[in-house]
Amino acid sequence: MAIAAVLMAFGTSAQDVNVDRVPVHRPLIEEYTGTWCGWCVRGLVGMELLRQRFGDEFIGVAYHNDDPMEIMYTNDFPSSFWGYPTAFIERSREVDPFYGFSGYSAGIVNDMEQYAAIAVNADAAVTAQWTSDEKTAIDVDVTCYFTIDEQSANYAIEVMLVADDLYGSGSSWNQKNYYSGTTYYSSDPYLGPWVTKPEVVSGYHFNDVIIGTSGVATGSLPSEIVAYNDYSYHYSFTLSSLPKPSLIQNKDNLHVIAVIVNKANDRAVNANRCFINDYHTVMYGDVNDDGKLSIDDATALINYLLYRDATLVNMENADVDNDGKVNIDDVVALINMLLSQTE
């Protein structure tokens, strides 16, 4: 079946596949913190507010220093700074993780909304799967595209493994709280509750903690970028090889973040995240991962190519022709598979 006929069957055209693919901007925010830092409470509060505001579109990472959640030295952090707490938006601008640029309570939420509204020229989809029922390793696949041609591009992918709900016993896990008893902050709806908490808070559960990274992977994207072409990158995490395997407290509380980095200025162009699917064998063409091949899979695949929403797409299964990327060729291959079933 010709490509035009396949697309016409779904009420679209080859041109639509390109024109309608508009990147969704998910700005990356990276917070720098430590349990010993009493003022870092406002970073904890700010990141939680962003989680509530953006939901699945929130791409946040917390780098811990000199506490049980530290996995790298400060000179390995992606950004340089002088004091805690601090944060960087897209590795380009330093900002207070609660007050933001404005200095007003919860100003960081408005700042991130403004960043999210800025158009970008790239987007990424990311999927992750345990490699076995024992859940000892994770396979990650990133597929990204750009809306413009570039002849001498300098982009790369970074993949991060992030843990939520981390906690522990012992003084090093206790969060210092300099807001305790400081009545000046009592009227703040977000910091106010910390005024009534003790100077040392035990039993706190920490979110968005980075526990592993691929680093910015040189060669993960080509130097010549063709607009709307799909570019794929694969990476695997082995849990026993992580800097601190002990931080794997609950495997259900892990997620993966993929970032497109412009190596020319070290800025994060765009990012995306996903949870980790259970282990299963690849079933090429089962795009919606329901265990069977049907016209619904073709619909899901075309919708992905049009709108870049990978929420309901198994990217590994969607690579129908097994060439390492997901594109219109996979639609044709899938349609041919479906047609062969009816013959």
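Predicted model: local features only at pLDDT ≥ 70, side-chain atom pairs only at ≥ 80, totals over all residues.
Residues are numbered from 1 along each chain as its sequence is written, and side-chain values use heavy atoms, with hydrogens and water left out.

1. Cysteines. A disulfide is taken as a pair of cysteine sulfur atoms within 2.5 Å. The count by this rule is one disulfide, and it joins Cys 37 to Cys 40 with S to S at 2.3 Å. The torsion about this S-S bond is about 85 degrees, so the disulfide is right-handed. Cys 144 is in no disulfide. For burial, the cut-offs are under 20% relative accessible area for buried, over 50% for exposed, and partly exposed in between (1.4 Å probe, protein chains only). Cys 37 is buried at 5% relative accessibility and Cys 40 at 0%. Cys 144, at 1%, counts as buried, and so does Cys 274, at 11%.

2. Salt bridges around Arg 26. A salt bridge here is a side-chain nitrogen of Lys or Arg within 4 Å of a carboxyl oxygen of Asp or Glu. The structure holds 13 of them. Arg 26 pairs with Glu 57 (3.3 Å, N to O). Glu 57 is in the loop between α3 and β2 (59-64) and Arg 26 in the loop between α2 (14-19) and β1, so this pair ties together parts 31 residues apart in sequence. Helices (H or I, at least four residues) and strands (E, at least two) are DSSP runs, numbered from the N terminus. Arg 26 also forms a salt bridge with Asp 123, with the closest N and O atoms 2.7 Å apart. Asp 123 lies in strand β5 (residues 122-130), so that pair ties together parts 97 residues apart in sequence. Arg 26 is buried at 4% relative accessibility, whereas Glu 57 is partly exposed at 34%.

3. Glu 158 and Arg 91. The closest N and O atoms of this salt bridge are 2.9 Å apart. Glu 158 belongs to strand β7 (residues 155-163) and Arg 91 to the loop between β3 and β4, so the pair ties together parts 67 residues apart in sequence. Both residues are buried. Elsewhere, salt bridges that share partners join Glu 48, Arg 51, Asp 164 and Asp 208 into one network.

4. Largest pocket. On a 1 Å grid over the protein atoms alone, a pocket is an open set of points where a 1.4 Å probe fits, with protein on both sides within 12 Å along at least five of seven lines; lining residues have an atom within 4 Å of a point. Grid points are joined across faces, edges and corners, and a volume is the space filled by probe spheres set on the points. The largest pocket holds about 560 Å³. Its lining has 25 residues, and Cys 274 is among those nearest the centre, with Val 126, Arg 273, Ala 310 and Thr 311. Strand β13 gives the largest share of the lining, six residues.

5. Second largest pocket. The volume is about 380 Å³. Thr 127, Asp 141, His 234, Met 315 and Glu 316 lie nearest the centre of this pocket. At least two lining residues come from each of β5, β6 (137-146), β11 (231-238) and α7 (315-318).
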